Amino acid sequence: MRSILNLVIQRLGLGLITLLVVSIIIFSAIELLPGDLAEAVLGQSATEETLTAFRKELGLDQPAVFRYFDWIGSALTGDFGVSLATQRPISELIGIRAWNTFFLAGYAAAIAVPLAVTLGIFAALYRNSWFDRTVSYLSLGAISFPEFFIAYILLLVFSVELGMFPSIASVDPDTPLSTRLYICFLPALTLTLIVVAHMMRMTRASIINLLALPYVEMAHLKGAKPWWVIVVHTLPNALAPIINVIAINLAFLIVGVVLVEVVFVYPGLGQLLVDSVAKRDVTVVQSACLIFAATYILLNLLADVLSILTNPRLMHPR
């Protein structure tokens with residue numbers, strides 16, 4: 001247990017360092033944007049006195065280093081500043097949007113993870129059969145297309161032609177759970193089709209790699225049924241790489257929802273990011289990117305810990 005705690009502490013330290021580097025990259029990228037931020041926000045008709053007062057209010061008259069430390073210090077305390085476009089606290093804007101994004105990602109994960117693991121188990125059980133080939137072709141075909149293309153195809157079929165689901169995923173905090181699940185089904189299905197192939201093929205490959213081991217052959221010789229051998233004897237030992245690829249795809253579900261949210265006009269963090277870029281609301285852009293980066297790092301940390309818990313041999317170097 002102590003070794004696991006030491007590992008978690010080490011991974012958290014590396015994660016904080018990585019997040020610090022990412023925050024520097026985010027801030028530097030915003031600083032390198034062409035044009036004057038004050039003029040972009042106030043417009044070209046603004047007077048020089050107004051521009052000067054606005055730059056002083058935002059701290060743009062200070063060196064970039066001071067502004068970075070002021071921003072990152074406030075962000076660590078949960079204060080992301082004020083939106084330039086709406087003059088509302090960014091934490092207030094991001095709060096409900098982040099919840100919507102996490103809900104959509106969790107909804108898609110609840111469909112994709114069991115589906116991918118089940119398909120991977122059956123593909124390994126009936127490997128090289130018509131089922132294995134069909135599932136592989138369909139999943140690889142789905143992952144070969146960009147998210148917006150799959151989203152528009154689903155909209156065309158299920159919304160325009162069949163009229164089964166709404167084309168706009170408009171939700172608010174008062175939307176009941178059943179209604180929210182119905183409205184968000186097409187965005188969740190889009191994300192599911194994108195990530196299911198990675199998890200399914202990793203599950204299949206991990207199980208097949210273990211089927212030739214002596215203990216698996218012994219289970220077959222004892223008369224155990226093929227599905228029992230895979231589920232009971234093989235799957236537990238194949239969990240480490242499966243958990244890793246699941247965690248990576250969960251991170252993608254959260255940080256890769258931007259295009260899907262834009263297509264379905266879903267009020268999530270990705271839609272807010274796109275709107276803020278269009279309005280040049282750089283304070284919101286910085287905050288949203290920082291949240292995406294922190295989420296990705298935390299999910300990778302979770303994947304490392306869960307992989308080691310399922311396979312303690314990963315703790316020791318070979």
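**The nonpolar patch and its surroundings**

Author: Of the contacts in the protein with a separation of 6 or more, 73% are between residues 24 or more positions apart. The model is a predicted one. The protein has 15 helices and 0 strands, and 42% of its 318 residues are buried. Its accessible surface is about 17300 Å², and carbon and sulfur atoms account for 68% of that area.

Now to the patch. On the surface, Phe145, Phe148, Phe149, Tyr152, Ile153, Leu156, Val157, Val160, Leu162, Met164 and Leu259 form a nonpolar patch. Together these residues have about 1000 Å² of accessible area. Helix H7, which covers residues 147–161, supplies the largest share of the patch, 7 residues.

Phenylalanine 149 lies in helix H7. Its relative accessible area is 36%.

Phenylalanine 148 and leucine 259 are 111 residues apart along the chain, yet their C-alpha atoms are separated by 6.2 Å. Leaving aside neighbours within four places in sequence, phenylalanine 148 is in contact with Leu259 and Val263. Leu259 is itself listed among the patch residues.

The interior gives the other side of the picture. In soluble globular proteins, nonpolar side chains tend to be buried together. Here the largest nonpolar core has 72 residues, and among them Ile207 and Phe264 touch the most other members. The element that gives the most to this core is helix H5, residues 90–125, with 16 residues. Once neighbours within four places in sequence are left aside, the contacts of phenylalanine 264 are Ala151, Leu155, Ser167, Ile168, Ala169, Leu186, Pro187 and Thr190. Of these, Ala151 and Leu155 have numbers that fall within residues 147–161, the span of helix H7.

A last point concerns the cysteines. The structure holds 0 disulfides. Cysteine 184 has a relative accessible area of 0%, which means that this residue is buried. Cysteine 289, at 25%, is partly exposed.

Key. Residues are numbered from 1 along each chain as its sequence is written. This is a predicted model: local features need pLDDT of at least 70, side-chain atom pairs count only at pLDDT 80 or more; totals for chains, interfaces and linings use all residues. Side-chain values use heavy atoms; hydrogens and water are left out. A nonpolar core is a set of buried Ala, Val, Leu, Ile, Met, Phe, Trp, Tyr and Cys residues joined through side-chain atoms within 4.5 Å. Buried means under 20% relative accessible area, exposed over 50%, partly exposed in between (1.4 Å probe, protein chains only). Helices (H or I, at least four residues) and strands (E, at least two) are DSSP runs, numbered from the N terminus. Contact means heavy atoms within 4.5 Å. A disulfide is a pair of cysteine sulfur atoms within 2.5 Å. Patches are made of residues with over 30% relative accessible area and no salt bridge: like charges are joined within 9 Å, nonpolar side chains (Val, Leu, Ile, Met, Phe, Trp, Tyr) within 5 Å. Accessible areas come from the Shrake-Rupley method with a 1.4 Å probe; for residues, only the protein chains shown count as cover. A salt bridge is a side-chain nitrogen of Lys or Arg within 4 Å of a carboxyl oxygen of Asp or Glu.
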